[in-house]
Amino acid sequence: MSVEQMAMPQLGESVTEGTISQWLVSVGDTVNKYDPIAEVTTDKVNAEIPSSFSGKITELFVGEGDTLPVGEPICSIEVEGAETTVDKLVKNTSSAGTVSENMQQNQDTSMKKRYSPAVLRLAQENELDLNQIKGTGRGGRISRKDVENFLQSSSVNSVADASVAQQSSVGCFSEAVAKEAVEPAVAHASRTYENEAGDHVVALTGVRRAIASNMLRSKHEIPHAWTMIEVDVTNLVNYRNQIKGAFLKKEGHKLTYLPFFMKAIVAALKEFPRINSTWAGDKIIEKKAVNISLAVAADEALYVPVIKNADEKSIKGLAFAVDELAVNVRENRLSPEDMQGGTFTVNNTGSFGSIQSQPIINYPQAAILSIESIVKRPVVVNNMIAIRDMVNLCISIDHRVLDGLITGRFLARVKELLENINPENTPIY
């Protein structure tokens, strides 16, 4: 018999860590190869991970809710086969006990120096020496929570020391004032809140934690800018109303407004490739592929699956792709591949009745566009007031990559394409 370790898999390009949202096995359970053993959440996908071996679960190294980097061991499985390295060393030396102890000590020492990207990022942002922090993880490893607790403790101590120093120098600084100065900072640093009668506490899921982390990273690292354009889509509304019945009867799918908007957006992206790009530190990369990330809401989370090569699809093809992604989200059938490779995000906030929004950029893309509700409004047409179907398009951009000029031209082109939709120049197939 041998004991093999399973590692945290990489569930997508650029994914560096994952969170164990739920264990599907317990110690002592027998599993077959490819049986699902855990649900893992990353900033891109929520997926089940399969066992790499057939055998018995002997140890779970991490708990539910714990985040660890790709490649880090998550559990051990006893399988039939060759002896482990430790077994061979024990047989080949007369001091087996000493060898085992030394190996464990070396493993613990190496674990202390293995920092996750989240830990390194927090340390760099706050100029921390990680050697000063005591890790509570496996083998003394420093977790993100350890760093956060250290920062909270340091913040509280700094505020308290500053208050005492000020009280000593002024002399008349009252105890009440000192308390007022310290307590708000302590409350902010510790992030603890009192539950009052009737409050309902909602536990954070792995997906919600991943969303929070990704949104915070986007707002922290990307300088957002925002603008909006108003579009007259009366022609689009009329055209879609004329053909939606026949489309449903022929194709078995509803024809919504979204595929028309997406068709205009991807056409404009081809003309303005800078919008379809990403910031890469010392350069900007304009992506060749036009892969549209589509924000799709589930009951407790928002997913952003990807329509690959959207510029190669017809309006019918886009309609089918949108329906397929929506079904996969509702039925929890998204795969890691469904979440990878997006170059530009479309957010259909209009489906909720919104008329204006400021979306957060889907890191590491350069822009996200929200399509708001189509509403009838009085507008001036040829010096006369008319009732038209109007929609707002709201875009957030990475101001390192894009500025107002190119963004304005891109939106103007989308507006032009949408306002000129008609049966003659807008084929569905």
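**Ring contacts, nonpolar cores and local backbone features**

The charged end of lysine 316 is placed over the ring of phenylalanine 320, at 5.3 Å from its centre; a charge sits over a ring if NZ of Lys or CZ of Arg is within 6 Å of the ring centre and within 35 degrees of the ring normal. Arginine 240 likewise lies over the face of tyrosine 257, 4.5 Å from the ring centre. The structure is a predicted model, in which local features need pLDDT of at least 70 and side-chain atom pairs count only at pLDDT 80 or more, while totals for chains, interfaces and linings use all residues. Residues are numbered from 1 along each chain as its sequence is written, and side-chain values use heavy atoms, with hydrogens and water left out.

The secondary structure of the protein consists of ten helices and 18 strands, taken as DSSP runs numbered from the N terminus (helices H or I, at least four residues; strands E, at least two). Of the 429 residues, 38% are buried, where buried means under 20% relative accessible area, exposed over 50%, and partly exposed in between (1.4 Å probe, protein chains only). The accessible surface comes to about 23500 Å², and carbon and sulfur atoms account for 50% of this area; accessible areas come from the Shrake-Rupley method with a 1.4 Å probe, and for residues only the protein chains shown count as cover. Among contacts (heavy atoms within 4.5 Å) between residues at least 6 apart in sequence, 63% join residues at least 24 apart.

The largest nonpolar core contains 79 residues, and Ile74, Phe344 and Phe410 have the most contacts inside it. Such a core is a set of buried Ala, Val, Leu, Ile, Met, Phe, Trp, Tyr and Cys residues joined through side-chain atoms within 4.5 Å. Helix 8 (residues 258-271) supplies the largest share of this core, nine residues. Because domain 1 (2-79) and domain 3 (222-419) both give residues to this core, it lies between them; the domain bounds come from an automatic or database domain assignment. Apart from neighbours within four places in sequence, phenylalanine 344 is in contact with Ile265, Leu269, Ile275, Asn276, Asn291, Ile292, Ser293, Gln365, Ala367, Leu369 and Phe410. A second, separate core has six residues, among them Ala123, Leu130, Ile133 and Ile142.

The count of aromatic pairs comes to three. Rings of Phe, Tyr and Trp (its six-membered ring) pair if their centres lie within 6.5 Å; planes under 30 degrees apart count as stacked, over 60 as edge-to-face and the rest as tilted. In one of these pairs, the ring centres of tyrosine 239 and phenylalanine 260 are 6.1 Å apart and the planes stand at 70 degrees, so the pair is edge-to-face. Tyrosine 239 belongs to helix 7 (residues 234-251) and phenylalanine 260 to helix 8, so the pair ties together parts that are 21 residues apart in sequence. Tyrosine 239 and phenylalanine 260 are both buried.

Most residues other than glycine have a negative phi, and most peptide bonds are trans. A cis peptide bond, with omega of about 5 degrees, joins tyrosine 363 and proline 364. Proline 364 is located in the loop between strand 15 (344-347) and strand 16 (367-371). Tyrosine 34, although not a glycine, has a positive phi of about 80 degrees; it is found in the loop between strand 3 (30-31) and strand 4 (36-41) and is exposed, with a relative accessible area of 60%. Asparagine 383, also not a glycine, has a positive phi of about 65 degrees. Asparagine 383 occupies the loop between strand 17 (375-381) and strand 18 (384-398), and its relative accessible area of 76% makes it exposed.

Threonine 58, in strand 6 (residues 55-60), counts as partly exposed at 29% relative accessibility. With residues up to four places away in sequence not counted, threonine 58 touches Val3, Val27, Ser76, Ile77 and Glu78. Valine 62 lies in the loop between strand 6 and strand 7 (67-69) and counts as buried at 17% relative accessibility. Beyond its neighbours within four places in sequence, valine 62 is in contact with Ile20, Trp23, Leu68 and Ile74. Valine 62 and tryptophan 23 are 39 residues apart in sequence, with a C-alpha to C-alpha distance of 9.7 Å.
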